Every structure is written in structure tokens, then in C-alpha cells.
Amino acid sequence: MLWENLREEEFDNAIKESKGLCILPVGCLEKHGQHLPVGTDVIHITEIAKRAAEIETAMVFPTMYFGEKTGAGEFKGTVIFSPELRLQILKETCNEIYRNGFDKILIYNGHGGNQTMISYFSRGVLYEKTPYSVFDYALGSDFATPKKLLNEGYKYLTTEDRKILQSYNDEKKRFGHADFIETGWVYGTRPEMVRLDKVYDESYESTHRFDEFNKLRINTPFAWMANFPNSYEGDMHDGMNERIARAMVDYSVGKLCEVIKFLKEETISDEYKKEWIAKQH
């Protein structure tokens, strides 16, 4: 169920059918090489959430386009909000979702750079002792890798498709950003937005400028941006097609369905939350 598509009188029934669970997709607007749109992280996560909620009933709130992209202002199309505003939007959005009757909120993250922000926000919800519970699950928590797709046995994949996926494993191709998997997610949801002819227009290789920092496990926001100045990381692979893209999307939809089903049925988090709040007094 899409929040924006419901009429006012339909919400009471939607709350019952979803057992009070609302999905809040969060993405960003940023460059993804030259073959994918700047809205990549919004496009794939919105459609995957929508498809999963149709299979395992849940409410889907309109996708948040803001995201943590503070260091990428040199790229056209990138939208950057202050950390304070991003957190305030998250807080007020969750408050409004709860006010409308949903007491379980699943933040579904489509952009790796958002994870720290979301984790920080979740700890803030704990501090506030909100009447609702917040959970988060990232699209990248269980990547739709070629190896996993081969193990799933999707019947619509041809022998040639399986050879393409197997060769990705055999050649030890690297994953990253705007890579084979992310290209597949967009191609499997909005194929008209993908320009496969531009996959090799820019380099996806690392400059290795910050490798010493990474070796010493020193965290700096400059590392990824300096090592991958085209906002593009990971080996591509010739052979992407509608069937492989479909499998990548189907895999991710299936995993989100598992998460939705679990959260709708579980009671442990609510039980413990009550115990935890009681200990605070």
C-alpha cells in the first residue's frame, strides 16, 4: 500500500492489514557514473519496497530523497541538506507516521552513506523513549550477487545468463557503487533510465590516494571520494539484460518480504521495550 494513494477513510483498514508497520524508504540524489541517473538510490529502493509490500502487506511512506552527500557538491544533480535538517526531517516524519496510527517504522535504506545517519537517529529515538519503535534495514544488507542469483535457481534465467553470472564470480569482479548490481536494480525497475552504452565512459578504478588510511583503519570522509573521484566503483560486466536485472530485483524483493513478515509477527521488541522503559524510572 502506498501512503499517498490511499483515501482518508482507507487508513484504518490499512493499519490493520499492515499490523501497524510502515516502511520509510530513504535514498539520496547523487552521481552514479554516467550510465545511471542521480536518483538511482531513490528509484530502486522505492520500487523494491512497493513490490515487497504488495506481496507481504505493509504501508509504504513516500520516499525520502535527502541523504548524506555532504562531500559530493562538485557533481551536478546532487542535493545536500545539513545534518541537522536531515535528522529533523526523519524525526518529524516518524512522529507523523505514528500519529497516523503506525507504531512500527522500518527505515529502508538505499544509500550506503546514509547508514551512519540512520544509526545515529535510531539511538536518538531510544533517548526520546518514543511510543513507536524504529528498525532499519539496508538494501545492501544482502546484495543480489551473481553467486546468490545462481543459487536461487530462477527459471527464467537462460543458460547464457548463467554463464555471464558465473564468469563474474570466476573473474572475481569487484562490487562497489554504480556497479553491476546497482545497475541491475535500476535496469530491473526502470530500464529506460539506464544507459548501458555509457558504462565505460568514466573510470571506476581507484586512485589509491587514501589506501594507507584504509590499511590502518583510519576513518575519514575523504577516503572514498578521493579514491573514486567519478562516484563510480567496482568492476562492470558485459552481459546485463532484462532477465538478470529481474533476478536481482526479485532477490531483493524476496529478502525485504522476509523482513516485513518477521516485523509484523514478532512481539519480542515491544515486550523488551516495555521492560526497558520500566527500568529507566
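**View 1. Phe-81 lies in the loop between strand E2 and helix H3 (83-99).** In this predicted model, Phe-81 is partly exposed, with a relative accessible area of 33%. Together with Val-79 and Leu-85, Phe-81 forms a nonpolar patch on the surface, and the accessible area of these residues together comes to about 210 Å².

**View 2. Four strands make up an open sheet in the order E2-E1-E3-E4, with parallel pairing.** The edges of the sheet are taken by strand E2 (59-60) and strand E4 (133-138), each of which has a single partner strand, so one side of each is left without a neighbour in the sheet.

**View 3. Strand E3 (residues 104-109) and strand E4 run parallel and are joined by six bridges.** For a residue to look for in this pairing, Ile-107 may be taken, whose bridge partner in E4 is Asp-136.

**View 4. Cys-28 is in no disulfide.** A disulfide is a covalent bond between the sulfur atoms of two cysteines, and a search of the whole structure finds zero disulfides. For Cys-28, the nearest cysteine sulfur is that of Cys-94, which is 18 Å away, whereas a pair of cysteine sulfur atoms would have to be within 2.5 Å to count as a disulfide. Cys-28 is buried, with a relative accessible area of 0%.

**View 5. Cys-257 is likewise in no disulfide.** The cysteine sulfur nearest to that of Cys-257 belongs to Cys-22 and is 16 Å away. Cys-257 has a relative accessibility of 11% and therefore counts as buried, a term that applies under 20% relative accessible area.

Note on methods
Residues numbered from 1 in each chain as written. Predicted model: local features only at pLDDT ≥ 70, side-chain atom pairs only at ≥ 80, totals over all residues. Heavy atoms only, no water. Pairing = 2+ DSSP bridges. Helix = DSSP H or I, 4+ residues; strand = E, 2+ residues; numbered from the N terminus. Patch = residues over 30% accessible without salt bridge, like charges linked within 9 Å, V, L, I, M, F, W, Y side chains within 5 Å. Areas by Shrake-Rupley, 256 points an atom, 1.4 Å probe, with all protein chains shown as cover. Salt bridge = Lys/Arg side-chain N within 4 Å of Asp/Glu carboxyl O. Buried < 20%, exposed > 50% of the residue type's maximum accessible area, 1.4 Å probe, protein only.
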